[in-house]
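Good morning, and thank you for coming.

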Amino acid sequence: HTVEFNPIAVAKYAHAGSEKKRVLNRLLKDNVAQIAIFALNGVPGPHGGPSHVCVANTHINANTEFADVKLWQTQYLLLEVERILSEWQNSGHPAVPVVIAGDFNSTPGSSPYTLLSCGYLERDAVSEDDPVGIIASLPLEHRLMLRSAHTTLGAHANALASKLDAHMQPTPAMELPYTNFTGHFVGTLDYVWFTSDQAEVVSLLELADEADVTRSTALPSPQFPSDHLPLGVELRLRPRQ
């Protein structure tokens with residue numbers, strides 16, 4: 001299933017009257033996502049582990065002047081994932097684990113990050129400007145128990161027990177130090193989210209060393225053809241409860 005944010009925006013604001021042009025001029029950015037449900041080979045029977053997994057990937061808008069659009073796109077990606085899962089279960093299939101990965105162009109602790117990791121976002125905690133009212137129309141919640149794979153305790157130098165919150169849950173400070181390394185920005189923008197009630201992290205691809213990354217000053221470089229570093233996660237699916 002292809003998630004095209006532009007048609008979603010057009011359909012939602014088709015009857016927005018005089019505000020339609022302003023809203024659509026802000027939302028139409030040509031970003032997309034994909035959602036697929038894959039059958040797994042060599043899995044246990046119907047009473048063992050899951051036989052399918054839902055995987056989504058995306059590239060959220062990069063422009064820092066459109067932080068409201070980043071949040072809007074993230075919310076609608078989550079809504080589309082939930083819609084696909086609902087259709088799947090309504091057709092008689094059991095619940096499936098979910099993996100959502102991609103370039104979210106949002107740093108740890110930002111509003112899109114908080115929405116993904118916490119399952120909700122308090123409206124008074126939204127720091128983004130909302131010049132055309134698109135954030136005000138969002139539910140700012142979802143029902144998926146998502147966790148960022150790279151906040152797994154002990155996964156890398158930042159993933160320390162001292163950075164867990166008071167409830168012993170991961171925090172944004174436990175994310176990788178960077179996934180994007182350019183001449184004007186160094187930080188984390190890419191994530192692999194998974195439903196922590198249905199899967200657990202087994203191993204992670206080791207992040208490229210900063211000395212290697214900066215050998216040609218920044219990315220992209222002859223060694224790293226993208227300005228984003230690859231992320232790899234091995235997950236173990238939990239037995240069905």
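Let me begin with the terms. On a 1 Å grid over the protein atoms alone, a cavity is a set of points where a 1.4 Å probe fits but cannot get out, whereas a pocket is an open set with protein on both sides within 12 Å along at least five of seven lines. Lining residues have an atom within 4 Å of a point. Grid points are joined across faces, edges and corners, and a volume is the space filled by probe spheres set on the points.

What we see is a predicted model, in which local features need pLDDT of at least 70 and side-chain atom pairs count only at pLDDT 80 or more, while totals for chains, interfaces and linings use all residues. Residues are numbered from 1 along each chain as its sequence is written, and side-chain values use heavy atoms, with hydrogens and water left out.

How many cavities of 30 Å³ or more does a search of the whole structure find? The search finds 1. The largest cavity holds about 30 Å³ of space, and its lining consists of P50, S51, H52, W88, H93, P94, A95, V96 and R240. For residue classes, Ala, Val, Leu, Ile, Met, Phe, Trp, Tyr, Cys and Pro count as nonpolar, Asp, Glu, Lys and Arg as charged, and the others, Gly among them, as polar. By that scheme, this lining has 5 nonpolar, 3 polar and 1 charged residues.

The largest pocket has a volume of about 370 Å³. It is lined by 20 residues, and S117, C118, L146, Q169 and P170 are the closest to its centre. Helix α4 gives the largest share of this lining, 5 residues. Helices (H or I, at least four residues) and strands (E, at least two) are DSSP runs, numbered from the N terminus. The lining divides into 10 nonpolar, 8 polar and 2 charged residues.

The second largest pocket has a volume of about 310 Å³. Among its 17 lining residues, A62, T64, K70, N105 and L189 lie nearest its centre. Here the classes are 5 nonpolar, 9 polar and 3 charged.

Let us return to α4, which spans residues 111-118 and includes S111. Is S111 buried or exposed? S111 is buried, with a relative accessible area of 4%; buried means under 20% relative accessible area, exposed over 50%, and partly exposed in between (1.4 Å probe, protein chains only). Its side chain makes a polar contact with the side chain of E128 at 2.6 Å. A polar contact is a pair of N or O atoms within 3.5 Å; within protein, one must be able to donate a hydrogen and the other to accept it, and residues adjacent in sequence count only if both atoms are side-chain atoms. P112, Y113, L115 and L116 of α4 are also buried. The buried residues of this helix pack against α3 (67-90), β5 (146-148) and β8 (190-195). Just after α4, G119 takes a positive phi of about 90°.

Finally, some loop details. D30, in the loop between α2 (20-27) and β2 (32-39), has a positive phi near 70° although it is not glycine. In the loop between α5 (210-213) and β10 (233-237) lies P220, and the peptide bond from L219 to P220 is cis, with omega near -5°.

Conventions. Contact = heavy atoms within 4.5 Å.
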